[in-house]
Amino acid sequence: MAVTRRQFMKVSAASLAASSVGALGFVGAGDVLAAGVRPFKLERATETRNACPYCAVACGVLIYSLGDKSKNAKSSIIHVEGDPDHPVNRGTLCARGAASLGYIHSANRLKYPMHRKPGSDKFERVSWDFALDRIVKLMKEDRDKNFIAKNRDGVTVNRWLSTGFFGGSSLSNEAGYLTYKFVRATGILGFEDQARI
Ligand code: SF4
């Protein structure tokens, strides 16, 4: 029979309580005590696997959320812990990763593209279409203006030095590979990424 992690935790807690009291000679008291053991706090939560985005290690995390869409209750993340099956961290997290619930719910967290118009003193929310069109337009303008096909000795170099690109540790191998290919194909040399695993 396959036993899930949370079923194991629940059974273990109840068994420990029952056997301890039973060992002291209080026959029957163990059952009463086991019945009063609180259910494992994550038993009803939805478990989602992901990677911590904070640094290049990219530790595996388990994210637990509560909320039942069928009852119109808003889903919310209630707990984050290290993924014991992840080959990088084997269930461990550093202090930053262990505190990730804080930045998930932070009021300062950036959740969508923001744009500051020329001359404005504030950022305003914009659509992804607007942000992507604007980025592409500015990149093209800058590349057309600053692309270096040959150096002063006439050697082909195909460099674009006036724009840089930044990747992220949450990208999969495939997304990282495509990002690298795209960036190098444009001639960009300034490419940084916090993931070096
Ligand atoms: S848990 Fe710590 S070490 Fe692991 S990816 Fe996050 S910040 Fe890096």
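**Entry 1**

I looked up Arg 49 and found it partly exposed, with a relative accessible area of 46%. I apply these classes: buried is under 20% relative accessible area, exposed is over 50%, and partly exposed lies in between, with a 1.4 Å probe and protein chains only. I record that this is a predicted model, in which local features need pLDDT of at least 70, side-chain atom pairs count only at pLDDT 80 or more, and totals for chains, interfaces and linings use all residues. Residues are numbered from 1 along each chain as its sequence is written, and side-chain values use heavy atoms, with hydrogens and water left out.

I then searched for salt bridges (a side-chain nitrogen of Lys or Arg within 4 Å of a carboxyl oxygen of Asp or Glu). The whole structure holds five salt bridges. In one of them, Asp 83 pairs with Arg 49, and their closest N and O atoms are 2.7 Å apart. Asp 83 sits in the loop between strand E3 (76–82) and helix H3 (95–98), whereas Arg 49 belongs to strand E1 (residues 46–51), 34 residues apart. Helices (H or I, at least four residues) and strands (E, at least two) are DSSP runs, numbered from the N terminus.

Arg 49 also forms a salt bridge with Asp 85 (3.3 Å, N to O). Asp 85 lies in the loop between E3 and H3 and Arg 49 in strand E1, so this pair ties together parts 36 residues apart in sequence. I note that Asp 83 is buried at 3% relative accessibility, whereas Asp 85 is exposed at 57%.

**Entry 2: A pair within helix H5**

I found a salt bridge between the side chains of Asp 144 and Lys 140 (2.6 Å, N to O). Asp 144 and Lys 140 are four residues apart in helix H5 (residues 128–146), so about one helical turn separates them. Asp 144 and Lys 140 are both exposed.

**Entry 3: Cysteines and the ligand**

I listed the residues surrounding the ligand, among them Cys 52, Cys 55, Cys 59, Cys 94 and Arg 96. By class, this shell has eight nonpolar, one polar and one charged residues. Ala, Val, Leu, Ile, Met, Phe, Trp, Tyr, Cys and Pro count as nonpolar, Asp, Glu, Lys and Arg as charged, and the others, Gly among them, as polar. Cys 59 is buried at 16% relative accessibility, whereas Cys 94 is partly exposed at 45%. I counted zero disulfides, taking a disulfide as a pair of cysteine sulfur atoms within 2.5 Å.

Note on methods. Near = heavy atom within 4 Å.
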